[in-house]
Amino acid sequence: MVQQSSSAATAWPSLRVDDWSDTRDTLHMWAQIVGKVRLSHAPLINHWWQVPLYVSPRGLTTSAIPYRSGAFDLEFDFIDHRLVIREDGGGVRSVRLEPKAVARFYGETLRALDELGIESEFQPSPNEVETAIPFADDERHASYDARAAHLFWRQLLQANRVLGEFRARFVGKASPVHLFWGAMDLACTRFSGRPAPPHPGGAPNVGAWVMEEAYSRELSSCGFWPSAGTEGFFYAYAYPEPDGFADYPVRPAGEARYSRDEGEFLLPYETVRTAADPDAMVLEFLQTTYEAAAERGRWDRANLEEDPGRWNRHH
């Protein structure tokens, strides 16, 4: 195994999936509640881009949510371990992030919103999970390890930064780097500009029409998923998957692999964090998996890609 520098070890923390699964599952439900608050007020943007959360310098944020003639936001603060709710009139409320049932967190969050005069109506149960316990009844998920939540956020900081650098190489239609609370994955998606066949659906507790909107255009998507493997995976897939995609020579050779069960290329997080240059390894994986989709799918690459340093000479 290649030894990493102390700075890389600090930047790319180790967090074993099995060591924080209870906290992750609880936090997943909390994130769904917060995400659904955003969903209830933000207007539809293509591919549901109005619903995700974003990595912030303290945790995960909704960004500004329109409300009547003003705005509010919600932010998971994984430094002080609280959910902070702010509205444009200066009002602030917070909910402690600590071991507590989803039902209690749900009630405290709705009460805090009510105290700020913010009304929110949304489906009060989770999506994209096999067992969708209504939030008000969920006493099963009640764990919160503050250290694990903090390390998870530090993982997201690194993944968000490198995904953002990769996104800068593309001038076609591309999503922000954002965290979808349905599957709890950080994602960034590029589009060829062509329509895609209707998605067959299949995600648990999600209507097929939801997936149809999400996958309405031909795409190449990548991201970080913390819930599988030893310490999570970087992933990449294409929809629709073109012929020859799975056999493309993706790098780093010997580390990245195609999973036919998942229909995705996977790169273990622990392989990245122990590499001599984690950023370069992730960028190589992202670039070559994108090329698998673009080359095999015959994308118009000349009109979709650009050098992000093209204006540096004017600085």
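This is a predicted model: local features need pLDDT of at least 70, side-chain atom pairs count only at pLDDT 80 or more; totals for chains, interfaces and linings use all residues.
Helix H2 (residues 21–41) packs against helix H3 (residues 102–115) with the axes 10 Å apart and an angle of about 25 degrees between them. Angles under 35 degrees count as roughly parallel, and H2 and H3 are therefore described in that way, as roughly parallel to each other. Their crossing is right-handed. On the H2 side, the contact is made by Thr-26, Met-29, Trp-30, Ile-33, Val-34 and Val-37, which meet Val-102, Phe-105, Tyr-106 and Leu-113 of H3. Sorted by class, this contact holds nine nonpolar residues, one polar residue and no charged residues.

A second pair is formed by helix H4 (residues 146–167) and helix H7 (278–296). The axes of H4 and H7 lie 10 Å apart, and the angle is about 45 degrees; H4 and H7 are therefore oblique to each other. Here, too, the crossing is right-handed. H4 brings Arg-161, Val-162, Leu-163, Glu-165 and Phe-166 to the contact, while H7 supplies Asp-279, Val-282, Leu-283, Leu-286, Gln-287 and Tyr-290. Seven of these residues are nonpolar, one is polar and three are charged.

One cavity of 30 Å³ or more is counted, and the largest cavity holds about 40 Å³ of space. Its lining consists of Phe-166, Arg-190, Ser-220, Ser-221, Cys-222, Ala-236, Leu-286, Thr-289 and Tyr-290. Strand E9 (217–225) and helix H7 are the elements that each give two or more residues to this lining. By class, the lining has five nonpolar residues, three polar residues and one charged residue.

Most peptide bonds are trans, and most residues other than glycine have a negative phi. The bond from Tyr-239 to Pro-240 is cis, with omega near -15 degrees, and the bond from Arg-251 to Pro-252 is also cis, with omega near 5 degrees. Pro-240 lies in the loop between strand E10 (233–239) and strand E11 (257–259), and Pro-252 is found in the loop between E10 and E11 as well. Trp-48, in the loop between H2 and strand E1 (54–55), has a positive phi, near 65 degrees.

Key
Residues are numbered from 1 along each chain as its sequence is written. Side-chain values use heavy atoms; hydrogens and water are left out. On a 1 Å grid over the protein atoms alone, a cavity is a set of points where a 1.4 Å probe fits but cannot get out, and a pocket is an open set with protein on both sides within 12 Å along at least five of seven lines; lining residues have an atom within 4 Å of a point. Grid points are joined across faces, edges and corners, and a volume is the space filled by probe spheres set on the points. Helices (H or I, at least four residues) and strands (E, at least two) are DSSP runs, numbered from the N terminus. Ala, Val, Leu, Ile, Met, Phe, Trp, Tyr, Cys and Pro count as nonpolar, Asp, Glu, Lys and Arg as charged, and the others, Gly among them, as polar. Axes are lines fitted to C-alpha atoms, for helices over the stretch in contact, and angles run from 0 to 180 degrees between N-to-C directions. Angles under 35 degrees count as roughly parallel, over 145 as roughly antiparallel, 65 to 115 as roughly perpendicular and the rest as oblique. A crossing is left-handed if the near helix is turned anticlockwise from the far one by less than a right angle, and right-handed if clockwise. Contact means heavy atoms within 4.5 Å.
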